[in-house]
Structure formats: structure tokens, C-alpha cells
Amino acid sequence: MADSSEEPQLHDKGRHHTHDHGHAHRHGHTHGAVDPSITTSARGIWAIKWSFVGLMITALLQVVVVWISGSVALLADTIHNFADATTAIPLWVAFTLARRKPSARFTYGYGRVEDLAGVAIVLIIAFSAVIAGYEAIQRFLHPQPVAHLWAVVAASIVGFLGNEAVAVFRMRVGKEIESAALVADGYHARVDAWTSLAVLVGVLGVWLGFPLADPIVGLLISVAIARIVWQSSKLVFARLLDGVEPHIIDEIRHTAGHTPGVENVTDVRARWLGHRLHAELNVAVASSFSVAEGHAIAKEVRHQLLHQFRYLSSVVVHVDPTEEAGEYFHRVTQHTHDGLPTHSH
């Protein structure tokens, strides 16, 4: 999930990409040949599959060392690595469903399932924090010696390397396909790498004759996991509430405003459905233009936006005359009809 020290940056501009958004263009390429959710979801599933394998191997190796050493710090780290591997399951389901075409009931498709998968990930990691914390407290109450310190050191290093490799992999693919859930999981794996390395501190304390160092480190790891849950939940729930990064709105407004024929841009709205963005905006054109000319400008606005933002799935462009730019002029003023009280729309 998300690292508290740095905010995930998902949105680099994508000018060089396959255009597949719904219309033919005079330069000879088309928009509509391949649904972008198909290719990006396939890429996401591929990333999830291999990161799951990497984390599961790491956790299984650590289980063996926990069994022979009795280190509660390593146990906390191992529990968390298993939980991290488990988060691949809801993501896998989400990316698989995202490949389904929109239906009469789900007209926007199934991208929102990916955001729900983010909630499942947060809950899984929160559960692992509770379990790890409980085990650390139990070791405070019932101290046990830690054996085979060399093996604990080796397992700690393995945990660090395994998690860091998965973190780089998940974040790279997540940014490539604009998946907040996958990027957040990548940052989470990076923090896991450092918590794995923290087990070395517990080993050093035990080696110097301070046996409580092991459960103390286990408890600190639990606190670190809880912090990850807090940071990640903010990112995931912002998406669920249709939150969108302000700079995206500014860039949409800028791109549309610099399209020939557009005199003003108003009421820009956007929302994420999984790793695909849907946008709506009003553009004002000269009132002397014909319907066909206004429509041509709207098509060009849409075309420019789809070129500019590779994660943009659909754009609805409403054309207004310059004198009545914006949704304010679409309101129906107070009136009465059919015996109803005075009302407006």
C-alpha cells in the first residue's frame, strides 16, 4: 500500500500510445479497435501473478526460520508478507472483471470493482497488523528465547530483497496502466521491505543480551503496518468517493481550451473507475457557428484529450454558445405547470 513518505504519482502524460477510443481520424488511425481496459487489465493480471509468486516464496522461506528460531519479530514480518501476497487475490478478481464489456445494467463497465479491491486490501493489511501486534504482546507477557540468530538474519535479508523486487515491479506496472490499487500495493511492499530489514535490529539486540529487543521490534513492525493502512485508506477511499487529482482537471481544461474554435471551457468533471478516467466538460463556441461546425469542434476537443491522456476512457463534450457558456444557463427558471407549485430545474 502507499508509503507515507511519498505520494504515489500516477499520471504522466501519454502522447505516444495506441489510440482506441471511438472514431476514425483523417490521419489514418482509429479510435475503437481495442478496448483499453482489456490490454491494461491483462497487464495488471500479469503483474499480480508474478508478484504473488515472489511474495509467497519469500513468506514460505521465512516460515521455516520462524519455526526453528522462535523470533516474534520475524513472525510479525512473515504474517505481513503472507497478507501482502493474499492481497493479490482481490486485485486479480478486479482486473479479470474489468475486462468484461459494459452491460445494460453496468453501463460504465466493471472498473469500480478495482476500487472495491483496494478496500479489501486495506482490510487484509489491517488484519495482519492486529495479528502481528497480538503476537508481539504475547511475547512480552511470555518471553521465549530466540535461537539460530544467523537464520533470522538470512530470513530478514530475504524478506527485504523479495519485497523490494515486488514493490518496484508493482509500482512500475501500476503507473503504466494507471491503477491506484496496484501502485498503492507497490508502495506497501516497499515499506514491507524495510520492516523486514528491521528484524535485524531485533537480532542485534538479542545477540547483545537484550531478549526483549525481539518483541519490541515485532510491535514496531505492527505499528508500521497500521500506518500503511491509514495512508493507503486515504488513497483508496478518495477514489471510491469519485475524488480526482486537481492537476488532472487543470490539464483537461488547458487542453480543451487550446483547441481551435473553443472560446471558453466550463464545468469540467472527471471520475476514476478503477484505472480508467471518465470526463465531462462544456465548451463554448461562437454562436454564429452551425450545429455541424460546433459538433466538429467537440469532436476535435475529444480527440485532443484522448491523445493527451492515455488513461482517459471516455469524454462527453457539451457545446454551448459563447453567450450562454456553462451549466448555469441550462437551468429552467421558476415556473408552474399542471397545477404544481412553482418550481425550477
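Modeller: What follows describes the sheet and then the packing of the helices.

This is a predicted model, in which local features need pLDDT of at least 70 and side-chain atom pairs count only at pLDDT 80 or more, while totals for chains, interfaces and linings use all residues. Residues are numbered from 1 along each chain as its sequence is written, and side-chain values use heavy atoms, with hydrogens and water left out.

pLDDT is the predictor's confidence in each residue, from 0 to 100. Its mean for the protein is 75, and 80% of the residues reach 70 or more. Over residues 1–39 pLDDT stays under 50, and the model has 98 contacts beyond four places in sequence for them; contact means heavy atoms within 4.5 Å.

The sheet is open, with 3 strands in the order 1-2-3 and mixed pairing. Strand 1 (264–273) and strand 3 (312–321) each have a single partner strand and stand at the edges, so one side of each is left without a neighbour in the sheet. From one strand to the next the twist averages 15°. Helices (H or I, at least four residues) and strands (E, at least two) are DSSP runs, numbered from the N terminus, and two strands pair if DSSP finds at least two bridges between them.

Strand 1 and strand 2 (residues 276–285) run antiparallel and are joined by 8 bridges. N264 stands opposite A284 in strand 2, and V265 stands opposite V283. The two strands form a hairpin with 2 residues between them, and G274 in the turn has a positive phi of about 70°.

Helix 8 (residues 246–257) lies across strand 1 and strand 2, at about 135° to strand 1. Axes are lines fitted to C-alpha atoms, for helices over the stretch in contact, and angles run from 0 to 180 degrees between N-to-C directions.

Turning to the helix pairs, helix 2 and helix 7 (residues 213–240) pack at about 25° with axes 7 Å apart. Residues making the contact include V72, A73 and H80 of helix 2 and I221, I225 and I228 of helix 7. By class, the contact has 8 nonpolar, 2 polar and 2 charged residues, where Ala, Val, Leu, Ile, Met, Phe, Trp, Tyr, Cys and Pro count as nonpolar, Asp, Glu, Lys and Arg as charged, and the others, Gly among them, as polar.
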